[in-house]
Amino acid sequence: MPQKKEDASDSAFKHWINADLVERIATHIQHHHPSFNRKEFVALTLHLQKLELKPRVQLICDYLKKYLPEDYKKALGILLKATTTPSPKAKPLTGFDLWAVTEYVHRYGLENFEESMEALHELTQRFTAEFAIRPFLIHEEKKTLKVLHQWSQDENHHVRRLVSEGSRPRLPWGEQLKSFIQDPSSTLELLEKLKYNEELYVRKSVANHLNDISKDHPALAVKTAKKWLKEAPEKHKEKISWIVKHALRTLLKKGHPEALKLLGYKTTGKLQVKNLKLSAKNVKIGSSLEFSFELTSTHPAQVMVDYLIHHKKSNGENKPKVFKLTSKSLKTGESLNIKKKHSFKPVTTRKYYPGTHYLEIMVNGQLLAKTPFTLKE
C-alpha cells in the first residue's frame, strides 16, 4: 500500500488505533486461543504513540503475525472468531478496529485463496476490505474477478460495494491496479452489474470507479456514461444521472468538451466575465483572498463556473488547482454576480510559497479571465 501524506482526518483517525484497542484485540484473541501471549502482544502499545495512522495498523499486524500460530489457516480462524464471537469481557471489534485484521489477510493470505476470500467476505461487512483484496487482484486476477462477479449479486450491500471499490484502478491509499489502469474493460463489466443498485453507498463507489477510469481513458468514460444514460429504464434514470455527474467530475474540472456537453453545459452564444476584482493584490499566508466578478451570456446557457488558483511551487513554477463555484442557468442577457472568499490558511496537505499567484475563472471549460496577486509570508 503506497504511502499518502497525512491530513487532518488521518491525524484524528490515528488515535483510534490506540492502547485500548490493542488490549481489546488481545482479549478477544485470548478468548479463543488461551495460549496467546497477551503480555508481550500488549507491550507493542509502547511504540504506538510515535507512529502515524498506517504504521500503527502495520505494527499491530506485525505482532499478530508474531504471536498467532504460524499456520495461516489456524491464525485466520482465530481472528475471525475474535471478530464474530467476541469475548464478553471487552467491547466487540468493529469498524476501524478491524483494519489490522484485514491487513493480515492482505499480507499473508495469497497462498490460501479460498480461505482468504471467505474471510474478506465476512470482514468487509464489518470494516471495508477494499485494500486487502487488491493483492489478490494483482496476483490472482482471473480467480478474484470470478469471485467479484459472484459477490456483485450478494445480499449484503457492503459486499456489493467491495466489488466496485476494491477493484478501483486508482483507489486512494490502495495499491494501483496497473492491469486495470491499462485496460479497464474487466472492471467495467462489474460496474454494469452494480450501476442500478438500490444502495447509494454502492452507486457512489460505481461513480468513483468510473471517475478513476476517466483519468486514464477519458473517451471511454464519457462513452460509458453516455451509454448508461441512454439505456437506463425510466425507474433508474435518476440513479444513473447522479452516477454520471459524479463520475465525470474530474473531466468537468479539466473542461473536457464531451463531458461538459453530455451534462448539458453548452451554449450557442458568447460567455463573458466582466469586472473581475480582488479584495487585495497582496495576500498574507493564513488570511483569505476575496474576489468577485460578473458573468453574462448572449444566449440561454447552462453554466458550470469554477475558479483556478495557480499556486507558486517550490521550483518557482505555477501549478493550477481547480475549485468549484456554482452551476446555474442563464437567460439571454442575464448577469450572474459571484463573490467568493478563498482561504490560504495552512493545511497539512498543501504548502504555500510566497510569490506571484494567479486567479483564473473557468466557465464550461473555457478560461475567460485571469489576474495576478502576490502571496506573502
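How many positive and negative side chains does the protein chain have, and how far apart do the centres of the two sets lie? In this predicted model, where local features need pLDDT of at least 70, side-chain atom pairs count only at pLDDT 80 or more, and totals for chains, interfaces and linings use all residues, the protein chain has 65 positive and 42 negative side chains, with the two centres 8 Å apart. Lys and Arg count as positive and Asp and Glu as negative, while His and the chain ends are not counted, and each charge is placed at NZ of Lys, CZ of Arg, CG of Asp or CD of Glu. Residues are numbered from 1 along each chain as its sequence is written, and side-chain values use heavy atoms, with hydrogens and water left out.

Of the 377 residues of the protein chain, 47% are buried (under 20% relative accessible area with a 1.4 Å probe, protein chains only). The C-alpha atoms fill a box of roughly 80 × 55 × 35 Å along the principal axes.

The protein chain has 18 helices and eight strands, taken as DSSP runs of at least four residues (H or I) and at least two (E), respectively, numbered from the N terminus. An open sheet joins three strands in the order 1-3-6 with antiparallel pairing, where pairing requires at least two DSSP bridges. Strands 1 and 6 are at the edges with a single partner strand each, so one side of each has no neighbour in the sheet.

| Strand | Residues |
|---|---|
| Strand 1 | 271-278 |
| Strand 3 | 288-297 |
| Strand 6 | 335-343 |

Six bridges join strand 1 to strand 3, and Lys-277 has Ser-292 in strand 3 as its bridge partner.

Key: Buried < 20%, exposed > 50% of the residue type's maximum accessible area, 1.4 Å probe, protein only.
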